[in-house]
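Me: I have just opened this structure and would like a short tour. Could you begin with the overall fold?

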Amino acid sequence: MTGFSSHHIRNICVFGGSSPGKEKEFLESANHLGQVLTERKIHLVYGGGSLGLMGGVSMAAFLGGGQVLGVVPKALANGDIIGKTIGEELQVPTMSDRLNTMFNHADAFIALLGGLGTLEEIFHISSWAQLHIHHKPIGLLNVNGFYDKLLSFLDQAVEQEFLTSSARQIIISTATAEQLIDQLQSFIPVIDPCMSRLDWSVKESRKKLRLDLSLHL
């Protein structure tokens, strides 16, 4: 399990659409987020490319003098789907490797607006937090109320007892980049007594596996 300290957000992973979206405020919010990250000396980790909101946040951070790391699956890097990566590019074999690599390089996560890929990424990271695999803060940048219905769905999931109230608090939501980063930095995770008993230690699991194998040989 990865710990978290409010004084150690040096790298934020940003998810978001490769489309700029319909409203001009969407791309403006991505550009502004990149500027705010640079002003606060926070490095950007993202999924690579130069299109849409991902292009906006990465270009703004890069032009502002910030450090930018784009993690790209080789299939996308070799194609002409996401555009040229801004900043440093790290190629990985698969989409799963991409998410794992971004996770390992990040202290916190922000989802800009987006579609299926953005939702998959932010909920994947959130489910890991629910399982206490990590306690890194997670936020939605809710521009023009884009995520209002999604947040209402999560509230309904709590009401219908498919989601615990502690798990609901994993995802932070604000309308501005400044507010969101402030809340990520001050985030204190709610500990679920049941989940806290889970042991996600890879090293210990491998030791046990080797022991089990030796006993059967």
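**The sheet and its surroundings**

Reply: Seven strands make up an open sheet, with parallel pairing, in the order E4-E3-E2-E1-E5-E6-E7. The edge strands, each pairing on one side only, are strand E4 (88-92) and strand E7 (171-174). On average, neighbouring strands of this sheet are turned by 25° against each other, direction ignored. Axes are lines fitted to C-alpha atoms, for helices over the stretch in contact, and angles run from 0 to 180 degrees between N-to-C directions.

Me: What kind of model is this, and how are residues numbered?

Reply: This is a predicted model, in which local features need pLDDT of at least 70, side-chain atom pairs count only at pLDDT 80 or more, and totals for chains, interfaces and linings use all residues. Residues are numbered from 1 along each chain as its sequence is written, and side-chain values use heavy atoms, with hydrogens and water left out.

Me: How many helices and strands does the chain have?

Reply: The chain has nine helices and seven strands. Of its 217 residues, 43% are buried; buried means under 20% relative accessible area, exposed means over 50%, and partly exposed lies in between (1.4 Å probe, protein chains only).

Me: How many bridges join E1 to E2?

Reply: Strand E1 (residues 11-15) and strand E2 (residues 43-46) run parallel and are joined by four bridges. Ile 12 has Leu 44 in E2 as its bridge partner. Leu 44 also stands opposite Val 68 in E3, and three bridges join E2 to E3, again in parallel.

Me: Is E3 enclosed or open, and why?

Reply: Strand E3 (residues 68-73) is largely enclosed by the rest of the structure, because six of its six residues are buried. Both faces are covered, with Val 68, Gly 70 and Val 72 buried on one side and Leu 69, Val 71 and Pro 73 buried on the other. In a regular strand the side chains alternate between the two faces of the sheet.

Me: Which strands does helix H1 lie across?

Reply: Helix H1 (residues 24-39) lies across E1, E2, E5 and strand E6 (138-141), running at about 170° to E1. Helix H5 lies across E1, E5, E6 and E7, at about 150° to E6.

Me: Let us look at H5. Is Thr 118 buried or exposed?

Reply: Thr 118 lies in helix H5 and is buried, with a relative accessible area of 3%. Leaving aside neighbours within four places in sequence, Thr 118 is in contact (heavy atoms within 4.5 Å) with residues including Phe 15, Gly 17 and Tyr 147.

Me: And where is Gly 114?

Reply: Gly 114 is in the loop between strand E5 (108-111) and helix H5 (116-130). Gly 114 is partly exposed, with a relative accessible area of 21%. The C-alpha atoms of Gly 114 and Phe 15 are separated by 8.0 Å, although the two residues are 99 residues apart along the chain.

Notes:
Helices (H or I, at least four residues) and strands (E, at least two) are DSSP runs, numbered from the N terminus. Two strands pair if DSSP finds at least two bridges between them.
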